[in-house]
Amino acid sequence: MGLSLEGYTGIARSLLEKAGAKVGDYIRIRRSDGREFKGVLMPRYSISSRPIIVVKLDNGYNVGVRVDESTVVEVIKTKEALLEEARQGAPAVIPLLEEAPSGERKPRVVILGTGGTIASRIEYETGAVKPAFSARDILDAVPEVGFIADIEADVIMNILSENMRPDLWEKIVDAVAKRISEGADGVVIAHGTDTMAYTAAALSFALRGLPVPVALVGAQRSSDRPSSDAAFNLISAVLVAAKAPFAEVTVVMHGTISDTYALAHRGTKVRKMHTSRRDAFQSINSRPLAKIYPFEKRIELLRQALRRRGEQELEVSNGFEKKVALIKYYPGMDPEIIDFLVDRGYRGIVIEGTGLGHVGEQLIDSLQRAYENEVVVVMTSQTLFGRINMNVYITGRKLLSVGVVPGEDMLPETAFVKLSWILAHTDSFEEARRLVRENLAGEIEYRHTIDLYPRWPH
Amino acid sequence: MIEQKIDPSKYDPRELGLKVGLEIHQQLDTRHKLFCGCPTELIHEEQGHEIDEFIRQLRPTRSELGEVDIAALFEWRKGRLYHYHAPRESTCLVEADEEPPHELNREALIIGLAVALALKASPVDEVYVMRKIVIDGSNTTGFQRTAIIALGGEIELPSGKVVGIQTIAIEEDAARKIREQGKYTHYMLDRLGVPLIEISTAPDIETPEEAYETALTIGQLLRLTKRVKRGIGTIRQDLNVSIRGGVKTEIKGVQRLDLLPKIVLYEAIRQKRLLEIRDELVRRGVREEDVLGQEIVDVTTVFEKTRSKIIRKALRSGGKVLAVKLPGFAKLLGAEVQPGRRFGTELADYARFWGGVGGLFHTDELPNYGISEEEVNKLYSVLGARKEVDAIVIVADRETNARKALRAVLERAAYALKGVPKETRAAKEDGTTRFMRPQPGSARMYPETDIPPIEVTEELLSEARKLVPPKPQEKIKVLVEKYGLSTELAKQIIRDVRLDLFEELAEKYGSEVSPSYIASIFTNILRSLSREGVNVENIHDYHIEELVDAIAKGRLPKDAVPDVLSYIAKNPEKHVADAIKELGITVVDREAIEKMIEEIIASMIDEVKEKGLRAMNKVMGRAMAQLRGRVDGRVVADIVRRKIEEVIGEKQ
């Protein structure tokens, strides 16, 4: 039976097995109290083991029905028979847009899927969301992109964003590089939002020379909902990939909670700043590259780009060191944590320190030892906003004296990705320390104007 | 031949085989909304609140079988945008669809279960929240969250008739539409997420009056829980109406209960008339394929010099005039299906919905609207149509729209040979209804995966049992025994929406103002004022409390009460104290009254001494001649009695 009785255990499961029922079948439940329920058997998502069978009634509602040994379950119609009937009764599929894009050649944009569902559809018997990721599926779901670009699509992996890893960044870098070398005019990467900023930074460092834009995009509301931000963001990202005059790695997501414009953020300065809002992604200590108006198909540049489209040849330096850690300092932190990393052969540690870049003095000896063991230690700040300056207070000066490298205004996550990339490309401790301080992919901003700090409500 | 006009009084709903089911939606009075911690009170726009705004689009989603909601699709294609207004005091990220919903409000579930128990319905064992796709912008998510909490049940009407209950659901209320402005529809989000209970009856209702009685009886039961909101818009009814040979038609948005019987009757008549039109078409030998096979013809040249403003305007902006013949339809388009609503109006609704056009003209109403007889004659000849036999429909608009509109007209006209199409209709103020959209399929319900299912435990049920409202008969008995109301008055007051306020006031002021009098403010005074055209909706609960308080303190004579209430209805921002002042209701001080009565008694002392308390009426008469409208008669009577007794006592 396996998946066909998803979630059912105990009495409920044995009743269903006895009846030969599977999820999606139309069943009747007769209870000893005389009540009778008819509906489509639904999977049971609840973790509890209560003896309950979930059915979708004829009016579309799901209800849970308590059962016991004396309950009788029968299958009235199988899932296959139901689907066949529905198919016969279904009206012809109406396309979302009546007009079709013209046949003229448009920019070639490749959409790479890494997981999640930028486009999806719902299986209506069970409510399960199924990813739709062929170019055809995307054009059906978001036909607007077909007016902007000739779309190709490929699923390169299918993982939850929280399961992203440096070796998968490498895989994405290779896939992007391959598509660009094959002539794509821009690449869009659909990515879960939780770790999207890390992947954006990874691509920024690994794609040393980049002739076209690369846009990472995701959704904060799943694409099976009418209010999803997926289509809005996808259209914006395709616009950036197809039309943007800059050749940078960007994250393209809602600019505000309105469906008005999206922002293209530089991949090394962007951070997910909210658990759930559409405009969760913001540029920190920096300004986004452009505003994107997807309905008007317009890109409004907000700043100078690192490089223009077509200015550079593709140059890839792939590879990320796995023995790098990102740790957050907290009051009373035990120095053994540093010792452990050093003893385990870690080559780099990024610390999220306090304020201007401090940790408690109890860590000084362990950091000294890390230095002696040629472990690169980079200091960033928990405040996120502002620049590291370890000259102001005594502790900062002590940390500098034991070889801690100040991470300028880099986001801790970006510093972590950067150090991983650097250590995969040099064996020299000193060279690595020097590269950390060098602005490799727009990750450091040397001027912070007053307005770069958001105003909070009060 | 079919009559052009209809007389609603000639239709007997029972004979037509009328069947009505009701869906009653009532806001619950909970501390928080259904899926977040926001309060359930609406804001008053004029009071200047902090309001955040944002703009969204909603995309139609497809079911696994590829179906899309056609109404939603059209709105989206037109570039419809929704402009939301989110008052900080009553909305949060959940209403803005910027945060997943919190767990279902337990308080709302308990109230719902209490109502379910009162309706003898069986609670489900586990409650599943569903997403019902609604893409008119009234839900920021594009769906309404709703959950069935009980199945089955019944309600007994005062007539003894029993109407079955099919389902009881708890759901979130939608946002309030505030205006439309070009492609923007504006919504206020304060109401979004307020818990509603939805009670759906079986189609057991057989007359318009029964529909009204059922709504009234269910409304009363809900109010007796004392946990529901009241006031405009807190209770709404949807209807499902069919007649023998017709189909179940959904009617949305009945806000005024008193309109309900009329809407039901008019819908029954509409279905009957559509069946008559079908029979007439069959008699005339018209066939579906004849209608569907008609060609849509460009007749722009006919109207090159037209005096019709509408057509000229369409032509000036690059449009065309297209026409189509409806063979054998003469005199049918002009035939009423509801008072003031012709079959042609039904066709126009379809043209508007499917073609996005402003409307249409048909030959049953022409020449008119600036279209000349000559133009009409040309139309007949261009289309090869026969006068008195065929009808012609024309639409002036952008060609693609006009073509879609006429295609829809042909399909609707062809359906006339089948009978009544399945539609969702919107109720109008005059009791008629208009086509809103085709009925959505059952495929628009999906599980709300962000909310875990809730087991209906014995603990929840025992909480619910505490809230089960008393039966009306029990409540009447309580009112009679506790407050000394007559049975008749008790029966009236329990049907009043302000029953809870009555009880509150009777409890607080009952020793000074008789509860029967307080009840009569609701059942008598406010109702007669309303009949006289006074806008009693403006009178707030606190006004009535101030009023009773003034009576209790002797500051307001009862016979001035209607004047005070009328004044408040006109000036709702004022208080009762203001009304008393403005209306010049002077407060006579007690000592002055006593002195005056002493003087009256002195002036007729012999008579008083002789007749004793039998002289009371005469004394009262003289006193009231001076005091009427300024002091309560009962107060005067008390003083007169005491003073007379003093005089008689002196004698003894």
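## Helices on the sheet of chain A

Helix 6 (residues 196–206) of chain A lies across strand 12 (214–217) and strand 13 (249–254) of chain A, running at about 155° to strand 13 of chain A. Helix 7 (residues 230–243) of chain A packs on the sheet and makes about 150° with the direction of strand 13 of chain A. Helices (H or I, at least four residues) and strands (E, at least two) are DSSP runs numbered from the N terminus; contact requires C-beta atoms, placed from the backbone, within 7 Å; axes are lines fitted to C-alpha atoms, for helices over the stretch in contact, with angles from 0 to 180 degrees between N-to-C directions.

## Basis of the model

This is a predicted model, in which local features need pLDDT of at least 70 and side-chain atom pairs count only at pLDDT 80 or more, whereas totals for chains, interfaces and linings use all residues. Residues are numbered from 1 along each chain as its sequence is written, while chains are lettered from A and ligands numbered from 1 in the order in which they are written.

Eight strands of chain A form an open sheet with mixed pairing, in the order 9-6-10-12-13-14-17-18, where pairing requires at least two DSSP bridges between two strands. Strand 9 (150–155) and strand 18 (298–301) of chain A stand at the edges with a single partner strand each, so one side of each is left without a neighbour in the sheet.

Strand 17 (residues 290–293) of chain A pairs with strand 18 of chain A in the antiparallel sense over four bridges, and A:K291 has A:E300 of strand 18 as its bridge partner.

Technical notes:
Contact = placed C-beta atoms within 7 Å.
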